[in-house]
Amino acid sequence: MLKILQAKLKESFASVLPITLIVLVVSFTPLVTLDVKQMLVFAVCAIFLVLGIGLFNLGADLAMTPMGEHVGSGLAKSRRLLLLVSVCFVMGVLITVAEPDLSVLAEQVKNALNPTLLIATVGVGVGFFLLISILKIVFKKDLSSIIIFFYMVLFMLGMLMVSQGREIFVPLAFDSGGVTTGPITVPFIMALGVGVAGAIGGKNANENSFGLIALCSVGPMLALMGLVLFAKGDLTYTLSEGAYSIDASLGNNFLPTVGAVAKEVIVALALIVVFFLTLQFAVLKLSRSKLTQIAFGIVYTFVGLVIFLTAVTVGFMPIGFELGQQLATLPKALVISGFIIGMVVVLAEPAVHVLNKQVEEITGGLVTKRSMLIALSVGVGISIGLSMIRLIFGFPLIYYLIPGYFLSLGLSFFVPKIYTAIAFDSGGVASGPLTSSFILPLAIGACAAIHGESGILSYAFGIVAMVAMTPLITIQILGFKAVASRFVRNRMMMRRIQDADDEQIIDFM
């Protein structure tokens, strides 16, 4: 176990090091000025981030992934479809309601939407689409056609919101798709798909195991749009004094922050554990050794997530806001810095490593972790750079989303279906807690400096949606490259055969 933990810590160190070095290097340039206390707190939090990610990844391997696979395969093997979809619906609702990032989003819009109603609505949306995802696997339906249909509905609702003068909600609606697929939900839901697809089998079992995260990201967007269309009131955003201050996060707020994070993680994990134990006694009947392994994994997951989320809240969120405010004075530097930071910040997302490991295992090495990381890194870097351009010039998010999603949906007709499924899952995974707690404060700080508080909802929000969109394009381009390379190799082989002399052709007749 110790060797495995050391390997996880080494992997997380390699993930966190780039973003840490970039922030520290930038602080020594004329672009940004950070005091000694800010730099020291950031460096210490980066160390805790390494520890948190390492423990989380170990816990995901020991508990979250096996739990999801056992639930999926056990229910699928029972051949009781109603039980399978009912359990998945309830699990989707419970996990979403407990997701910490959703609570943060609900607090941001409480002046216009009741937070409890918003969380419940989004939870039902995720539960319903997790149910649809399982039905897709059971009946072996094509993911691309389902995705295209629901994204068309999304854009129609988006246009309806604009026509009703509620375009300010569009970035929030698309952001909700990213915040609900957090570090707790991703390993469990992905493993659930693997378990169901493996139990049902079929020649496309590997392909069918992907796509759950993609569809579960659509549910919150549709649910929030539907809620907004019937909601009343004006949406305002006010920066809380000292909310992004190192002094505030280290002062009287430090212990409450740790306590709040621990409480949220306990609630989220407890809902999953209680539901899993109920299924264990009713259906699964796993051995004591497997349950012991899962129990240790849950402890690692809990400790890792508390350390990770606390470090992000205390150190990374204030530094992200400060960087945004100072870089906003130099628009070109803001765009370039956004691109570079976006490229490396995705490496530190815990759920990204879970996805990449699962993709490499299921595809048998056809899609490697290295190629996935490169595609995700480039995609997120481009998304942050484009978001900074939108923030500077102040134009609507829809100008990016419509062509971006049409391009990604168009690519789905020309690449192997497994790449499309992986790409749409990656979009939800890439927009994890570090994105919402470092990149979003970066955008908020820059937007506050350029447009003031009044422009934050319109131009700073929506950055999570951009992070979720661009990997759809870059990973499918990776698939298109694989198809093109195979086509070129086959053409070259045929040409060599056609150009060969008769003496080089062996006659077996």
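This is a predicted model: local features need pLDDT of at least 70, side-chain atom pairs count only at pLDDT 80 or more; totals for chains, interfaces and linings use all residues.

Reader: How many salt bridges does a search of the whole structure find?

Author: The search finds three, a salt bridge being a side-chain nitrogen of Lys or Arg within 4 Å of a carboxyl oxygen of Asp or Glu.

Reader: Which residue does K8 meet?

Author: K8 pairs with D61 at 2.5 Å, N to O. K8 belongs to helix α1 (residues 2-27) and D61 to helix α2 (residues 36-77), 53 residues apart. Helices here are DSSP runs of H or I with at least four residues, numbered from the N terminus.

Reader: Is K8 buried or exposed?

Author: K8 is buried, at a relative accessible area of 11%, whereas D61 is partly exposed at 27%. Buried means under 20% relative accessible area, exposed over 50%, and partly exposed in between, with a 1.4 Å probe and protein chains only.

Reader: And what does K369 meet?

Author: The side chain of K369 meets that of E11 in a salt bridge of 3.9 Å, N to O. Because K369 lies in helix α16 and E11 in helix α1, the pair ties together parts that are 358 residues apart in sequence.

Reader: Where does D142 lie, in the pair with K417?

Author: The D142 and K417 side chains form a salt bridge at 3.4 Å, N to O. D142 is in the loop between α5 (115-138) and α6 (143-163), and K417 is in helix α18 (residues 417-430). K417 is partly exposed, with a relative accessible area of 40%.

Reader: Now the second largest pocket. Which residues lie nearest its centre?

Author: They are E167, I168, P171, P396 and L397, out of 14 lining residues. The lining divides into ten nonpolar, two polar and two charged residues. α7 (170-179), α17 (398-411) and α20 (456-460) each supply at least two of the lining residues.

Key
Residues are numbered from 1 along each chain as its sequence is written. Side-chain values use heavy atoms; hydrogens and water are left out. On a 1 Å grid over the protein atoms alone, a cavity is a set of points where a 1.4 Å probe fits but cannot get out, and a pocket is an open set with protein on both sides within 12 Å along at least five of seven lines; lining residues have an atom within 4 Å of a point. Ala, Val, Leu, Ile, Met, Phe, Trp, Tyr, Cys and Pro count as nonpolar, Asp, Glu, Lys and Arg as charged, and the others, Gly among them, as polar.
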